[in-house]
Amino acid sequence: MTRSDTDLVIAGGGLAGATLALALSRAVPSLRVTVVEAFPLSADALPEDYQPSYDARSTALAWGSRLIFEELGLWSRLSEHATPIRRIHVSDRGRFGATRLNAAEHQQEALGYVADNRWMGLCLMRELLETNVQWRAPAEVVDMMPTPDGVCVSLKTGEDISTMTAQCLVVADGGRSGLREKLGFQTRKHNYGQNALIANVSTSDCHQFTAFERFTDAGPMALLPHGSPGRAGNQSALVWTLSDDALQDILSLSDADKCQRLQARFGWRLGRLTRIGECSHYPLTLTTVDEPVRPGVTLVGNAAHALHPVAGQGFNLALRGLMTLVEQFRLAVEQGRSPGDLQVLRRYQQLHRQDWQQTVQFSDSLIRIFGQSLTPLAVARDAGLVGLDMLPGAKRWFARKAMGIGGRRAVITGPGSVNRESADHE
């Protein structure tokens, strides 16, 4: 067998690609990993004194994701700018039904966290620069051809095209993956007819580390505690789903009028809305790939599945999938097999499929149930939320879904290390 230039090429050095690279450097240090990223990488871009921006975009991290980052040795640094979610309040606007989740009821410090995307990226880069992971940046993978020993990828750097051989290519370039389309992976898309408007907001009352999930007749919205890791603050991260017409209407308003419109939809649980930051938006679709693996190639993260943000499950699902892939790569190396072996990749797909199917069903069902304004359905929703709040078993199930725990957990470390057992663990 001809020795390849590298063992593994990861196309995309964003949160998914960088996390995968770090996990592989921890769990399978003998594996040669090369990350290809379109944006330049420089140690000068990693300031020691990080100052969060008010308009920083953020990600909701489930408790299960914290456990993963702890195992990777990243949590102590990442937690410096991660705001805990200690309570979740779920309600249906204009109805009496509601349910409340509290971390203390589950003997946990938090149900989850909210962290700035840029801060997570900086933490990952700082760790990766101290590993044997190789980087090709700025560059991008533009094509791939199978070879008898793996794959040959085409890299574009500026106007130059070069090639690199590897045993496996991992496509981690996001939900709008051009490489996925180039390689002919078939996607299935369901358009929800909605858009997510993302912004940070300030309120007159402190959030007290409470996340609010509010279902309305125009679509769900969420306000997540943000920007105050050590003390209860007044800043929250907003995710507001809007139709095309409603989005354009909101974007045309002044900041003061945006606050007023949001106040009318969300209510006064956090007092008066006093400020709204820079707004960004994107259309909402459910995107899945039925067969995300081929000999020598696999899709991960949003390139493999993109969800509605209603339950904040997207990145957490991706992270669990990455750990399952690392587990299978570790086992393959221990057995003397190529990480691009189709049986290795199919085993990964088989183990991860149940998780993403259940998560997609959980997120999609919330949209379908709470997207109906018919009175009988609204009454049923009220009964469901009240029942969820009163029945310990049902409430515990819902909490574990929100916390990203309870399912199979990948074992990514080898003999002699502390393992995360494949068990129902809280």
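Helix α1 passes helix α4 in a left-handed crossing. A crossing is called left-handed if the near helix is turned anticlockwise from the far one by less than a right angle, and right-handed if clockwise. Helices here are DSSP runs of H or I with at least four residues, strands are runs of E with at least two, and both are numbered from the N terminus. This is a predicted model, in which local features need pLDDT of at least 70 and side-chain atom pairs count only at pLDDT 80 or more, while totals for chains, interfaces and linings use all residues. Residues are numbered from 1 along each chain as its sequence is written, and side-chain values use heavy atoms, with hydrogens and water left out.

Back to the pair. α1 covers residues 15-27 and α4 covers residues 117-128; their axes come within 10 Å and cross at roughly 30°. The axes are lines fitted to C-alpha atoms, for helices over the stretch in contact, and the angles run from 0 to 180 degrees between N-to-C directions. α1 and α4 are therefore roughly parallel to each other. For that term the cut-off is under 35 degrees; over 145 is roughly antiparallel, 65 to 115 is roughly perpendicular, and the rest is oblique.

Which residues of α1 and α4 meet? From α1 they are Leu15, Ala18, Thr19, Ala21, Leu22 and Arg26, and from α4 they are Asn117, Met120, Gly121, Leu124, Met125, Glu127 and Leu128. Contact means heavy atoms within 4.5 Å. The residues of this α1 and α4 contact divide into 8 nonpolar, 3 polar and 2 charged. The classes are as follows: Ala, Val, Leu, Ile, Met, Phe, Trp, Tyr, Cys and Pro are nonpolar, Asp, Glu, Lys and Arg are charged, and the others, Gly among them, are polar.

Next, α1 with α8. These two helices pack at an angle of about 35°, with their axes 10 Å apart, and α1 passes α8 in a right-handed crossing. On the α1 side the contact is made by Leu15, Ala16, Thr19, Leu20, Ala23, Leu24 and Ala27, and on the α8 side by Phe315, Leu319, Leu322, Met323, Leu325, Val326, Phe329 and Arg330. By class, that contact has 13 nonpolar, 1 polar and 1 charged residues.

α8 also packs with α2, which spans residues 63-71; the axes of α2 and α8 come within 10 Å and cross at roughly 40°. That makes α2 oblique to α8. α2 passes α8 in a left-handed crossing. Ser65, Ile68 and Phe69 of α2 are in contact with Phe315, Asn316, Leu319, Arg320 and Met323 of α8. The classes for the contact of α2 with α8 are 5 nonpolar, 2 polar and 1 charged.

Is Thr324 buried or exposed? At 7% relative accessibility, Thr324 counts as buried. Buried means under 20% relative accessible area, exposed means over 50%, and partly exposed is in between, with a 1.4 Å probe and protein chains only. Leaving out residues up to four places away in sequence, Thr324 touches Tyr348, Leu351, His352, Arg408 and Ala410.

Now the whole protein. There are 11 helices and 21 strands. Of the 426 residues, 54% are buried. Among contacts with a separation of 6 or more, 73% are between residues 24 or more positions apart.

Cysteines. A disulfide is a covalent bond between the sulfur atoms of two cysteines. The criterion here is a pair of cysteine sulfur atoms within 2.5 Å, and a search of the whole structure finds 0 disulfides. Cys279 is in no disulfide; the nearest cysteine sulfur is that of Cys259, 9.0 Å away. Cys279 is partly exposed, at 22% relative accessibility. Cys168 is buried, with a relative accessible area of 0%.

Last, the backbone. The peptide bond from Ala137 to Pro138 is cis, with omega near 0°. Pro138 sits in the loop between β8 (134-136) and β9 (140-147).

Where is Gln208? Gln208 is in the loop between β13 (187-203) and β14 (210-216), and has a positive phi of about 55° although it is not a glycine. Phe209 is in the loop between β13 and β14, with a positive phi of about 60°, and is not a glycine either. Gln208 is partly exposed at 43% relative accessibility, whereas Phe209 is buried at 7%.
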